[in-house]
Each structure stands twice: as structure tokens, then as C-alpha cells.
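Dear colleague,

Please find the structure handed over below, followed by an account of what was found in it. I would be grateful if you could read the two side by side.

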Amino acid sequence: MSMVTGNSYLESLLQGQPQLPPSPLAWFNQLRANAVDRAGTLKVPTTRDEEWRFTDISPLAKLSFQPLRGASRVKTVDVERFYLDEAAVRLVFVDGAYMPQFSTSPNRAKELGLVVTDLSTAIATHGVAIEPHLGRHAGFEHNLFTALNTAFLHDGALVVVPRETAAREPVHVLFIATQPEAASHPRCLLIAESGSSVTLVEDYVTLHEGAYVTNAVAEIALGDNAEVNHIRVQRDSIHAFHIANCAVSLAHASRYRSVSVALGARISRYDLNVLLAAEGAECTIDGLALITERQLADTHSSIDHAVPNCTSRQLHKCIVDGAAHAVFNGKIIVRPGAQHTDSTQSSRNLLLSGKTRVDTKPQLEIFADDVKCAHGATVGQLASEELFYLKSRGLSEVVARNLLTYAFGAEIIDRISIASLKHRLERTVLERTQRD
Amino acid sequence: MIYQDSKTLLEIRGLRATVNGIEILKGIDLTVKFGEVHAIMGTNGSGKSTLAKVLAGHDAYQVTGGSVAFEGNDLFDLKPEERARAGVFLAFQYPVEIPGVANSHFLRLAYNTVQAQRGKDELDPLEFDDLVREKMKLLDMNPDFLDRGVNEGFSGGEKKRNEILQMALLEPRLAILDETDSGLDIDALRIVTKGVNRLANKDNAIILVTHYQRLLNYIVPDYVHVMEAGRIIKTGDKELALDLENRGYDWVGAEQRAAVEA
């Protein structure tokens, strides 16, 4: 595929991407072509753009990109430590490329009544199911990174949970970075049909601590009464750039719960857009960023109450150490006529050193009058009343501080329903928060 | 209960304390001997909760005068955690919620810290689980409370039970119960006070801080002290609490002012 962008930085980003063969499906080729066109006209955002005010991604432009070498060097022993015991089905991608040898067989999913497969295979077999969703939820008109991801659409994860099917065990989609100076464009599409339920783990890990770019897009569509538990873990290299867009669309009385945890990357940016598209839909969105040194973690969420009688709950927490910088922008939109909207949002930030920075901004745009919207933000040190309570029971200052710092993060981690993943992340929080 | 020849546990002399530069305690004198139950009563703002927090070592309060000896040692030489390990326990009026810290973990940490101080063996999670479940039965507490965050989402009554559970585990020398009766319905009050009564013995002492006489129907005090404007203005036996219940607090203050003028 050739691409004209008129932008030398983009040119470099595009280098090394494999030539994509045309698909037999016209709509798919058209989608990619549109994204290519769009990517060519959009500019790399700078801090002069309102949505990127606090997040300077210019260091990304200094990164040089090498062609992808292929993932044949990766050994099972390198990747299996990331597997989750509880997951019945697993899809593994290495530097963006689907790795069937590390993934569970498509038959395994079939036995469970699910479709879990790589997108390029699925395009041929499930094109009709995919077409109404792929590229339809995560728009790229105004988003360069989504446009780029869509332009490179090839491999990716497809999960379809058919009507009235309850997937008891979680589906694990594991993206592994193995090559420095590489750019990958991971893609996930989850279609939860009406009355179905599923837990999806979207997991970004690395085998090295070099610099690279992950530019991920996830689309999640919930049918009537569907229930999706979405766990997102970003453990990229401390020198990596992680840019991600996730779009979620909820139909009547469906329920979306997400826990996202950001631990890695030099600069990470996560845009989560949730559309409550039909009455009775509910979403609960919890996030934790645990960062240190010179890391920057930026979460932009938008919860769109498009219709009446929907509920949204959001708790976003940051633990910021070293000279790190956390950004949270939480937009809640209540459309005209979206009466009886019930929405709460809380942003809580814990600073562990004097050189940290937090920018947090609730952004409520309310165009209906009979609604319940509560929001709040705190930035600071540990609460002195909590410290006193623990000390009054004999705990030393250090033990009390460590316990409270850990607890601050654990409140979010505890909401992860998968025990092995929860324990692994609890250990990480413990290791990163404890002082002597 | 008053025991003959009982030793002094707590000796407060001329205690003064401020918060944000405002004097709240204006010269408190109080002697508590082993085995005794003291009730400190008074209207809101009389300083009774401040006294409780000063004894526990809350850093929002500055001690500006007087002394407090605990088993003969200067209490103010000790940090809050050292006071706890020495046997001072405050049951909070408003226990804080700490999401993310499992109640069982917190209780065991506190228990083992105090055990270690006393030269006793610490318990591993399984051993502790047996102990804590047994203590919870006394307070009619659902074991589910072990798995929840400390006080997280507990009702007012559940929080108070969790405080008394900590008292049962830590076996303090001096337990200060700050408005433990507030927010309790009659059944919960009965259970909580039964728990406290079982813990009272000749080797410890209890200070009950309360606004209402109701609590004292269940935990019978040996002494009742009335606080007003940062001082103890009257001391009596349990009958005094009944007088206060019937007549309110005003007459005590009037009586005291008359005595000063006379």
C-alpha cells in the first residue's frame, strides 16, 4: 500500500509496515482507503490542540522506525508467563502480527459457543457480522491515530459472543512488543450480541525496555441486555509510546464495566469513548495510572448520555511518583432530552513526590434538566485521618503510609474479576509503592 | 468496678489543649484506676471528644499545659502508635473508611503489632482467622466483614461493632469509647455494650465519652464526670447521669457558677 501524507514524520512512522494485500471484500478495502486518505490530511496533534494540551508527543517524532522483522524469534517460554490460567481462549499478537502458535485454537472458542479469531481470517468467514461494526464505532475523521490504525487494518482480534451466550471464562487478547523502534497497530473488535455476557482482557506487554510505538484501537458493541466486562492492562516498556482509542456502544439495558490499568510507557494516551445509545444502559468505568520517573499517562474519557434513563459511574485514580505527570480529562455529555440521567465521576490523585504533576479536568456538558450528575476531583497526599486511624491501632508511620498508598491503588485493582491477574497487579502495586 | 487498693492507670493534671490556636481543654484533672469505668458527659462542644483525641495523640491538637501519666509514664513522650502498643485504645466516633485495605489484613496487622510489643507470638493468617471469627461471634458480626475494605460501606452500627472488635483483639489497658452509642439502634447497642462489659476487668479501665445517659444503662459507670467549656465541673456516681437525663445540663453549670461566686 502506498500512502501520501505530506508529513515527513508520518512517512517515517509508516515505514516498515508490511504491504497489505487487498481484501476480497470491497467495503473493507474502501474502509482502509478512506482511512489512508484521512491520515494524509490530519496533522500530528500538538499541545496547541485543546485535547492534547498537557500531553506533548513531540518525542515520538524523534523516534526512528525499523521494518518489522517478523516474530519467528519469539519463544513460547518468553510469552507463556503472560498467560492467564482462568482464560479459556487466548489470542496472541507479536508486534501486531497474529501468532496462531501461541493462541488457543479457533475450535476451542467454537466449543464454547464463541467466535474468537484473528481479523484477517474473520474477514473471509464473518464479513457480514463484522461490517456493521468494524471502523463504525471508532471514528477516524478527526483522529489521526485511529485513522492510521484503520489504514493498517490487517491482523487484529475478533470476538463475537452470540445471542444469549454467556462466556463463563474470560477471553484474553495479548499484545506483545518484542522489537525496539517498531510501530504496531493492534486492533480489537468485540461484538456482544443481545443477551450475551463476556469478560475481555486486553493486555499490552513487552519483552524489552526499548522505545517503540503501540497505536491501538478497540471497538466494543453491546447488543440489547448484553454484559461486557472489559479489563485493559497497559504494561508497555518504560520508553515506549502507547496511544490507544477505545469506542464502546451500548444498546438497550446493556451493561459495560471496565477496569483499565496503566503502568508502562514513557508517554501513554488512552481515549475511551462510551456511547449510551439506548435506554437502561449502564456503564462503570474505573481506571488506575501508576507512574513514576518521567512517565506521562493521559486518560481522556467521554461518556455520552444520548438517551434518557442511563447510568454511568466513573472512578479514575492516579498514583504519581518521581517526576511523572498524570492527565485526566473526563467528559460527560448529557444530550437534550436525556432525562433521568444518573452519572457520577470521581478523579482521585495521590502524589508521592514533590516533583510530580497532575492535570485533572471534569468536563460536564449537560443539556437536559432532570438529571443527577455528581463529580469531584482530589489531588494530594495521604489523608491524615486515615493515617491517624492506623497509627492509633499500633501501626508505625511507615507501615501505615505504605498500607494506605497500596490501598489507594488496590481499590481499583480489586475490581478486576480475574484472580490471577488481580494478584499479579497487586504485587506490582505493592512493589512500586512501598518505602523503607 | 472500684477495687480496693487498685493502682492508678491514668493521671491527668491541669491538661490544656488547643486546636488551630483555640483553647478547647482548659485544665482537666482526672484520675482513673485499674478496674474503673468512667463516663464523661457533656453537651456538644464541651471538649469531651477533644480529650479523647488528645489522649490518643491526634496531631490536630496541641497540648499547651498540664500532664498525663499513663502507668506512671509521661503519655506525651509517646507517639500515637506507641500509645496504642502501650495499651491506649480509642474507639472512634466516626471510624474512617479505608477502601483497598481488607479488614482481615488490617485487624491482623494491628493484632500482631501489639502482640509483638507484648513479647507474644504473632499469628499467621489462618490462626488469626480462627481467633477473629470467635471474637466476631461475641459481637454478632457477619464474617463477610473480614473480606471487605476497612469500614468500607459499613453502616454506622457496623462501624461501631468493628471498633469494639478491635478492642476485643487488642485487649487495651485503657479503652476510650468516643460516642460509641451514637447511631446504634437498641439491638446493636445491647450487643456492643455486652461486648464491652465482657472485656472490662480489674486489669483495665474504660472511659466512656457520651452525650446521653442511655449508654450508661448498659455499661454502668463507677464515676460520672460532667464537662463544660473544657473543664470537668462536676463528678458523681451513676445517679448523676440520671439527673442529667431528667434535668438537662444547664443546672450543673449554674450550680458550678454559683459555687464560684459564693
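In chain B, strand S6 (residues 88-91) runs parallel to strand S9 (residues 174-178), and 4 bridges join the two. Strands pair if DSSP finds at least two bridges between them; strands themselves (E, at least two residues) and helices (H or I, at least four) are DSSP runs, numbered from the N terminus. Within this pair, B:Ala91 stands opposite B:Leu177 of S9(B). In a regular strand the side chains alternate between the two faces of the sheet. Both faces of S6(B) are covered, with B:Val88 and B:Leu90 buried on one side and B:Phe89 and B:Ala91 buried on the other. A residue is buried here if 20 or more other C-beta atoms lie within 10 Å of its own, exposed if 12 or fewer do, and partly exposed in between, with C-beta atoms placed from the backbone.

The model is predicted: local features need pLDDT of at least 70 and side-chain atom pairs count only at pLDDT 80 or more, whereas totals for chains, interfaces and linings use all residues. Residues are numbered from 1 along each chain as its sequence is written, while chains are lettered from A and ligands numbered from 1 in the order in which they are written.

As a whole, chain B comes to 8 helices and 12 strands. Its radius of gyration is 18 Å, which agrees with the value near 18 Å for a compact globule of 262 residues; the radius is taken over C-alpha atoms, and the globule rule is 2.2 Å times the number of residues to the power 0.38. The C-alpha atoms of chain B fill a box of roughly 65 × 40 × 40 Å along the principal axes. Of the 262 residues, 44% count as buried. Among contacts between residues at least 6 apart in sequence, 72% join residues at least 24 apart, a contact being two C-beta atoms, placed from the backbone, within 7 Å.

Helix H6 (residues 186-199) of chain B has 14 residues and reaches 20 Å from its first C-alpha to its last, close to the 20 Å expected at 1.5 Å a residue; the expected span is 1.5 Å times one less than the number of residues. Its buried residues are B:Leu189, B:Val192, B:Thr193 and B:Val196. They lie on the same side of H6(B) because they cover an arc of only 95° around the axis, the arc being that of the directions from the helix axis to the C-beta atoms. These buried residues pack against helix H5 (156-170) and strand S10 (205-210) of chain B. On the other side of H6(B), B:Asp187 and B:Arg198 are exposed.

B:Glu152 is found in the loop between strand S8 (149-150) and H5 of chain B. B:Glu152 counts as partly exposed because it has 17 C-beta neighbours inside 10 Å. Apart from neighbours within four places in sequence, B:Glu152 is in contact with B:Glu97 and B:Pro99.

Turning to the interface, 19 residues of chain B are in contact with 16 residues of chain A. Helix H2 (80-86), strand S7 (98-102) and helix H3 (103-117) of chain B each supply at least two residues of the side that touches chain A.

In chain A, strand S10 (residues 227-234) and strand S12 (residues 255-262) pair in the parallel sense over 8 bridges, with A:Ile231 opposite A:Val259 in S12(A).

With kind regards
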